[in-house]
Amino acid sequence: MGEKRKPVVFNTEDLLEKEMHAIAKTINFSGWAKGKLMSMALSRLAQRGVDIEPFKSRKYGS
């Protein structure tokens, strides 16, 4: 994965963004993102004719 990650920036002067920042510090973002993207990726692989059964049991953190 040679792509550079872009940081998530929060304005801690804003009450809502300050709360989102507090929540973000407790989340495994890598696991969360993989969990959100998994169904889309499985669908795309299936459209290409790839056997997706071996991948369907994978679990990612939230």
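Contact here means that heavy atoms lie within 4.5 Å. In this predicted model, Lys56, leaving aside its neighbours within four places in sequence, is in contact with Met38 and Leu42, and both of these residues are among the buried residues of helix H2.

- Lys56 is located in the segment that comes after helix H2, which covers residues 29-47.
- With a relative accessibility of 43%, Lys56 counts as partly exposed, because that class lies between the limit of under 20% for buried residues and that of over 50% for exposed ones.
- Although Lys56 and Ser39 are 17 residues apart along the chain, a distance of 8.8 Å separates their C-alpha atoms.
- The side chain of Lys56 makes a polar contact with the side chain of Glu53 at 3.3 Å, and Lys56 also forms a salt bridge with Glu53, in which the closest N and O atoms are 3.3 Å apart.
- The pairing counts as a salt bridge because the criterion asks for a side-chain nitrogen of Lys or Arg within 4 Å of a carboxyl oxygen of Asp or Glu, and the structure holds one salt bridge.

**Helix H2 and its ends**

- Helix H2 has 19 residues and reaches 27 Å from its first C-alpha to its last, which is close to the 27 Å expected at 1.5 Å a residue.
- At the N-terminal end, Asn28 caps H2, with a side-chain oxygen that lies 3.2 Å from the backbone nitrogen of Ser30.
- Just after H2, Gly49 takes a positive phi of about 85°.

**The aromatic pair in H2**

- A search of the whole structure finds one aromatic pair, formed by Phe29 and Trp32 in an edge-to-face arrangement, with 6.3 Å centre to centre and 80° between the planes.
- Phe29 and Trp32 are separated by about one helical turn because they are three residues apart in helix H2.
- In general, an α-helix has 3.6 residues a turn, so residues three or four places apart point the same way.
- Phe29 is partly exposed, with a relative accessible area of 39%, and Trp32 is likewise partly exposed, with a relative accessible area of 38%.

Technical notes: Residues are numbered from 1 along each chain as its sequence is written. This is a predicted model: local features need pLDDT of at least 70, side-chain atom pairs count only at pLDDT 80 or more; totals for chains, interfaces and linings use all residues. Side-chain values use heavy atoms; hydrogens and water are left out. Helices (H or I, at least four residues) and strands (E, at least two) are DSSP runs, numbered from the N terminus. Buried means under 20% relative accessible area, exposed over 50%, partly exposed in between (1.4 Å probe, protein chains only). A polar contact is a pair of N or O atoms within 3.5 Å; within protein, one must be able to donate a hydrogen and the other to accept it, and residues adjacent in sequence count only if both atoms are side-chain atoms. The expected span of a helix is 1.5 Å times one less than its number of residues. Rings of Phe, Tyr and Trp (its six-membered ring) pair if their centres lie within 6.5 Å; planes under 30 degrees apart count as stacked, over 60 as edge-to-face and the rest as tilted.
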